[in-house]
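Please read them beside the coordinates.

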Amino acid sequence: MVAELIRNAKGSVEILDVSTILPKMKYAPGHQTWKVMVEQDGNKIFENWNQVPKDNEKLQKGLAKSMFPPSPEEAKKLGLERSMRLLSHHNNTGSFYCCLLRKKRALPKSFHLSVRLYLL
């Protein structure tokens with residue numbers, strides 16, 4: 001979701017590194033890659049959009065290309081590692097995913113971020 005937001009912002013926002021602002025906070029860096037799992041007729045795991053069967057209409061409609069990780073080059077460019085995964089056992093709290101975004105300039109007119117509920 002964060003990768004898609006930054007991608008759609010076309011350079012208007014960036015993820016800031018807050019590790020020096022919160023030096024005592026224990027966290028894991030944001031993932032740069034991940035897999036998408038679907039529980040449909042048994043578990044299916046996809047590493048990228050190209051692996052989703054073109055002839056499976058339910059998967060094609062239920063999944064979105066934006067759910068999949070960017071290429072390693074794009075992930076580095078987006079700075080996904082600067083986001084934080086706060087895990088419950090690290091700080092005796094709930095688990096959270098967070099990042100601090102800085103707006104560098106006005107968002108492009110084409111900017112959009114739609115959130116769908118994926119029910120498969």
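1. What percentage of the 120 residues in the protein is buried? In this model, which is predicted, buried residues make up 28% of the 120. The accessible surface of the protein comes to about 8300 Å², and carbon and sulfur atoms account for 55% of that area.

2. As to the fold, the secondary structure comprises four helices and seven strands, and these follow one another along the sequence in the pattern α-β-β-β-β-α-α-β-α-β-β. Along the principal axes, the C-alpha atoms fill a box of roughly 50 × 40 × 25 Å.

3. Among the contacts in the protein with a separation of 6 or more, 65% are accounted for by residues 24 or more positions apart.

4. On charge, the protein carries 20 positive and 11 negative side chains, and the centres of these two sets lie 8 Å apart.

5. A search of the whole structure for aromatic pairs finds one. The ring centres of W49 and F68 are 6.0 Å apart and the planes stand at 65°, so the pair counts as edge-to-face, for which the planes must be over 60 degrees apart. Because W49 lies in the loop between β4 (43-46) and α2 (57-62), while F68 lies in the loop between α2 and α3 (72-78), the pair ties together parts that are 19 residues apart in sequence.

6. Are the two partners of this pair, W49 and F68, buried or exposed? W49 is buried, and F68 is buried as well.

Definitions and conventions
Residues are numbered from 1 along each chain as its sequence is written. This is a predicted model: local features need pLDDT of at least 70, side-chain atom pairs count only at pLDDT 80 or more; totals for chains, interfaces and linings use all residues. Side-chain values use heavy atoms; hydrogens and water are left out. Helices (H or I, at least four residues) and strands (E, at least two) are DSSP runs, numbered from the N terminus. Buried means under 20% relative accessible area, exposed over 50%, partly exposed in between (1.4 Å probe, protein chains only). Contact means heavy atoms within 4.5 Å. Accessible areas come from the Shrake-Rupley method with a 1.4 Å probe; for residues, only the protein chains shown count as cover. Lys and Arg count as positive and Asp and Glu as negative; His and the chain ends are not counted. The place of a charge is taken as NZ of Lys, CZ of Arg, CG of Asp or CD of Glu. Rings of Phe, Tyr and Trp (its six-membered ring) pair if their centres lie within 6.5 Å; planes under 30 degrees apart count as stacked, over 60 as edge-to-face and the rest as tilted.
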